[in-house]
Amino acid sequence: MLHDNNMLQDNHAINAAGHLTVAGVDTVALAEEYGTPLYVMDEARLRRNMRRYADTMSKYFPEGSMPLMASKALSFREIYRIADDEGIGADVVSAGELYTALSAGFPASKLYFHGSAKTLAEIRMGVEAGIACFVVDNFEELHRISRVAGEHGVTQNVLLRITPGIDPHTYEAVNTGRVDSKFGVAIETGQAFEITQEALETPNVRLIGFHCHIGSQIFEAAPFLDAVDIMTQYMADIRDRLGYAAEVLNLGGGIAVPYVFRDPEVDLDACIRDICEHLTERCKALSLPMPKVLMEPGRSIVADAGITLYTVQNIKVIPGYKKYVAVDGGMTDNPRYALYGAEHTALVANKAAEPQDEIVTIAGRCCESDALIGENMALQKAEVDDTIAVLVTGAYNYSMASNYNRVPRSAVVMLKDGKARVAVRRETLEDVIAYDL
Ligand code: LLP
């Protein structure tokens with residue numbers, strides 16, 4: 001019997017041994033073969049999520065419109081090979097992400113370079129690689145790109161990151177669309193207009209349009225529709241005041257995924273469709289030529305394609321307080337609880353058919369009290385050596401992993417057609433000291 005808070009997805013099942021399976025593969029066997037902590041990604045689910053964006057966007061928008069996978073959510077070479085195969089682009093925010101994508105053979109012509117503090121070296125790298133576009137965050141960066149493009153004798157495409165002044169209800173760390181934000185330039189202050197005017201007059205750059213990103217883990221469609229309203233109005237104003245028609249509108253990422261049973265369900269297809277339909281209507285109403293549209297989904301593409309497996313090391317019951325289930329990972333492979341108090345769902349993978357009738361704290365191994373996977377989590381009765389599966393960890397887990405406490409980073413395996421393959425190998429102790437002189 002499953003506890004009613006179960007968050008199992010249609011690519012998850014429980015086999016005859018009572019083990020959790022992902023894409024038909026026994027997770028307990030995966031833990032045995034590859035060790036733990038282990039990130040496990042279901043390739044079919046990943047591709048399905050990519051296609052959801054690609055199909056809907058290509059239905060509504062002109063050619064050249066596409067989703068750009070936000071690398072920050074998950075970046076390693078195999079992900080770019082899959083994204084390229086699915087015909088989608090990617091955004092990168094650092095030399096490291098850019099290098100990873102290029103080294104996987106991902107076409108520079110589908111790479112968009114983001115970030116609020118790009119270094120000169122990164123700008124050079126992007127220009128030299130021939131990336132599609134920089135998403136310009138500020139005046140200084142605009143001038144730097146102009147200089148570097150001039151030195152290389154090229155004209156560099158740029159989008160301007162505009163802050164629409166929207167406050168979606170999400171947690172502080174990912175709330176980025178407000179005027180008082182370190183990202184972009186705001187319409188409200190008049191600075192968006194100034195940077196647009198300046199971009200049009202700056203040599204060696206070609207302004208192709210505008211970008212906005214209002215935040216992450218946003219459950220309602222309304223803030224996205226508001227962003228569409230504000231951005232299309234801005235595009236119409238710019239057309240009227242400067243005679244400039246944007247060719248591209250990038251709406252950023254941010255669609256939420258449920259992590260725990262209390263979270264609302266998200267109909268991703270419907271959400272993308274609503275945004276697309278609304279944008280189409282707005283362009284019509286404002287007599288704007290339909291721009292090429294870009295979106296930058298991270299979490300909604302990769303999160304529910306991933307789980308993490310751990311092994312229980314010990315169990316500590318503090319009478320009158322709580323029960324701690326200590327695992328062999330924690331904030332080094334999933335810092336989301338430590339950083340945001342983010343909640344996740346877990347189960348004992350080798351007892352997946354049993355009821356989740358205990359409430360426990362799953363403790364990580366790092367030397368901080370808050371280095372937990374979560375508190376008050378419903379779990380089957382866990383014992384030492386059990387395999388714990390934490391669900392929906394495809395986004396912002398591996399990509400935010402660290403070597404705190406000199407813990408080697410975990411491996412990533414990809415599942416396809418009932419088979420597992422290592423996409424990122426586990427770090428060794430030799431790797432941990434590799435840079436020490
Ligand atoms: N585009 C831009 C400019 C962004 O800043 C972000 C996320 C995205 C796209 C992708 O957003 P998504 O579709 O994944 O919501 N570490 C946090 C999330 C940080 C999000 C930062 N920006 C977490 O674990 O919840």
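Visitor: Which element gives the largest share of the lining of the second largest cavity?

Guide: Bearing in mind that this is a predicted model, the answer is β4, which supplies 3 residues, the largest share of that lining. The elements that give two or more residues to the lining of the second largest cavity are β4 (38–42) and β14 (306–317).

Visitor: What residues line the second largest cavity, and how do they divide by class?

Guide: The lining consists of Tyr39, Val40, Met41, Leu74, Phe76, Gly306, Ile307, Thr393, Gly394, Tyr398 and Val412. By class they divide into 8 nonpolar, 3 polar and no charged residues, and the space they surround has a volume of about 50 Å³.

Visitor: What makes β4 and β14 a pair of strands?

Guide: Two strands pair if at least two bridges are found between them, and 4 bridges join β4 to β14, so these strands count as paired, and they run antiparallel. One of the residues of the cavity lining, Tyr39, has Thr308 in β14 as its bridge partner.

Visitor: What lines the second largest pocket?

Guide: This pocket holds about 460 Å³ of space, and of the 20 residues that line it, the closest to its centre are Arg45, Pro258, Glu265, Val266 and Asp304. Its lining has 10 nonpolar, 3 polar and 7 charged residues, with the largest share, 4 residues, coming from helix α2 (residues 43–60).

Visitor: Why is the contact between Arg282 and Asp229 called a salt bridge?

Guide: The name asks for a side-chain nitrogen of Lys or Arg within 4 Å of a carboxyl oxygen of Asp or Glu; Arg282 and Asp229 meet at 3.3 Å, N to O, and the pair therefore qualifies. The pair links distant parts of the chain, with Arg282 in helix α9 (residues 268–285) and Asp229 in helix α8, 53 residues apart.

Visitor: Is Arg282 buried or exposed, and what about Asp229?

Guide: Buried means under 20% relative accessible area, and Arg282, at 19%, therefore counts as buried. Asp229 has a relative accessible area of 26%, between the cut-offs of 20% and 50%, so this residue is partly exposed.

Visitor: Why is Glu151 called exposed?

Guide: Exposed means over 50%, and Glu151 has a relative accessible area of 53%, so the word applies. Its salt-bridge partner is Arg124, at 3.9 Å, N to O, which is within the 4 Å limit. Arg124 itself counts as partly exposed, at 32% relative accessibility.

Visitor: What makes the contact of Asp436 with Arg406 a salt bridge, and how accessible are these residues?

Guide: Their side chains meet at 2.8 Å, N to O, which lies within 4 Å, so the contact is a salt bridge. Asp436, at 41% relative accessibility, counts as partly exposed, and Arg406, at 44%, also counts as partly exposed.

Visitor: How many salt bridges does the structure hold, and which residues are joined into one network?

Guide: The structure holds 28 salt bridges. Salt bridges that share partners join Glu43, Arg47, Arg51, Glu78, Arg81, Asp85, Glu86, Lys416 and Arg421 into one network.

Key
Residues are numbered from 1 along each chain as its sequence is written. This is a predicted model: local features need pLDDT of at least 70, side-chain atom pairs count only at pLDDT 80 or more; totals for chains, interfaces and linings use all residues. Side-chain values use heavy atoms; hydrogens and water are left out. On a 1 Å grid over the protein atoms alone, a cavity is a set of points where a 1.4 Å probe fits but cannot get out, and a pocket is an open set with protein on both sides within 12 Å along at least five of seven lines; lining residues have an atom within 4 Å of a point. Grid points are joined across faces, edges and corners, and a volume is the space filled by probe spheres set on the points. Ala, Val, Leu, Ile, Met, Phe, Trp, Tyr, Cys and Pro count as nonpolar, Asp, Glu, Lys and Arg as charged, and the others, Gly among them, as polar. Buried means under 20% relative accessible area, exposed over 50%, partly exposed in between (1.4 Å probe, protein chains only).
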